[in-house]
Amino acid sequence: MKAVSGGNGEFWVWKWEHKRRRIKQSKASKASDSATGGGGGYWFPLKQAVTAGALALTGDTVAQVTDRWKKNKPYKRHSYDQDASQNSNDNQDFIGIFLSDHDWLRALRMTSYGFLLYGPGSYAWYQYLDRCLPKQTVQNLMLKVLLNQVVLGPSVIAVVFAWNNLWQGKLSQLPEKYQRDALPTLLYGFRFWIPVSVLNFWAVPIQARVAFMSTGSIFWNFCLSSTMNK
């Protein structure tokens, strides 16, 4: 009776403690939603975006350097045959060519694509697959690989081609680009991504799958960058 009537303040102390616990639980729930991407608001996966942007830049850099290396290879072979002592000068020339001839706008296009589109998009896609097909069964594995190829693959090619042509102001040439390069790029991607996807969904833990696929994207970004800039 004393507690019910408020004697010695016990009722109010109990009420205050109960309210404080509810506030703590609410804050913890919001923090959990923020960390996992839940809640009603939009959550941008910054870590995955930065990773994808950096790997897109890496793939494009490899593509550009490889292309310039092939073009300058006869010159460098002739230079080595003339005088082997000029190796240091050739290295300096190569660095100068890299800095002067590197297409930084092209690099920015690929980096922005990875950061703004591929990173967040692929992260959301893999999270969706894991929610829909959580069990590690052979049937779910094959279904994930199939969906990855028939949904994500064409979407990536369509978006990256459109993004590149948009930056270059060549949207009117996009249909021709799709007709000429989209299908060969997709079929080439099947040969690379199917075994990589099988390994990813079967052997890689859920929390490491985006990082694993992003690492494989270095080679794929090299292919995309080379295809888009033919």
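Residues are numbered from 1 along each chain as its sequence is written, and side-chain values use heavy atoms, with hydrogens and water left out. Since the model is a prediction, local features need pLDDT of at least 70 and side-chain atom pairs count only at pLDDT 80 or more, while totals for chains, interfaces and linings use all residues.

The protein has eight helices and zero strands, with helices (H or I, at least four residues) and strands (E, at least two) taken as DSSP runs numbered from the N terminus. Along the sequence this reads α-α-α-α-α-α-α-α. Of the 230 residues, 33% are buried, where buried means under 20% relative accessible area, exposed over 50% and partly exposed in between (1.4 Å probe, protein chains only). The accessible surface comes to about 14,300 Å², and 64% of it belongs to carbon and sulfur atoms; areas come from the Shrake-Rupley method with a 1.4 Å probe, and for residues only the protein chains shown count as cover. Contact here means heavy atoms within 4.5 Å. Among contacts between residues at least 6 apart in sequence, 73% join residues at least 24 apart.

Asp-60 sits in α3 and counts as buried because its relative accessibility is 0%. Its side chain makes a polar contact of 2.7 Å with the side chain of Arg-106. Such a contact is a pair of N or O atoms within 3.5 Å; within protein, one must be able to donate a hydrogen and the other to accept it, and residues adjacent in sequence count only if both atoms are side-chain atoms. Ala-52, also found in helix α3, is buried at 4%. Leaving aside neighbours within four places in sequence, Ala-52 touches Gly-114, Tyr-118 and Gly-119. The C-alpha atoms of Ala-52 and Leu-116 are 8.9 Å apart, although 64 residues separate the two along the chain.

Next come the rings. Rings of Phe, Tyr and Trp (its six-membered ring) pair if their centres lie within 6.5 Å; planes under 30 degrees apart count as stacked, over 60 as edge-to-face and the rest as tilted. That rule gives eight aromatic pairs. One of them, Phe-44 with Phe-115, is tilted, at 5.7 Å centre to centre and 50 degrees between the planes. This pair bridges 71 residues, from the loop between α2 (10–36) and α3 (46–82) to helix α5 (residues 104–132). Phe-44 is partly exposed at 30%, and so is Phe-115 at 29%. Phe-161 and Tyr-178 are stacked, because their centres lie 6.2 Å apart and their planes meet at 25 degrees. Phe-161 belongs to helix α6 and Tyr-178 to helix α7 (residues 174–203), so the pair ties together parts 17 residues apart in sequence. Phe-161 is buried at 1%, whereas Tyr-178 is partly exposed at 27%. Lys-177 lies over the face of Phe-161, 5.4 Å from the ring centre; the criterion is NZ of Lys or CZ of Arg within 6 Å of the ring centre and within 35 degrees of the ring normal. Elsewhere, ring pairs link Phe-192, Trp-193 and Phe-219 into a cluster.

Back in helix α6 (residues 138–168) there is Asn-140, which is buried at 13%. A polar atom of the Asn-140 side chain lies 2.9 Å from the backbone oxygen of Lys-135.
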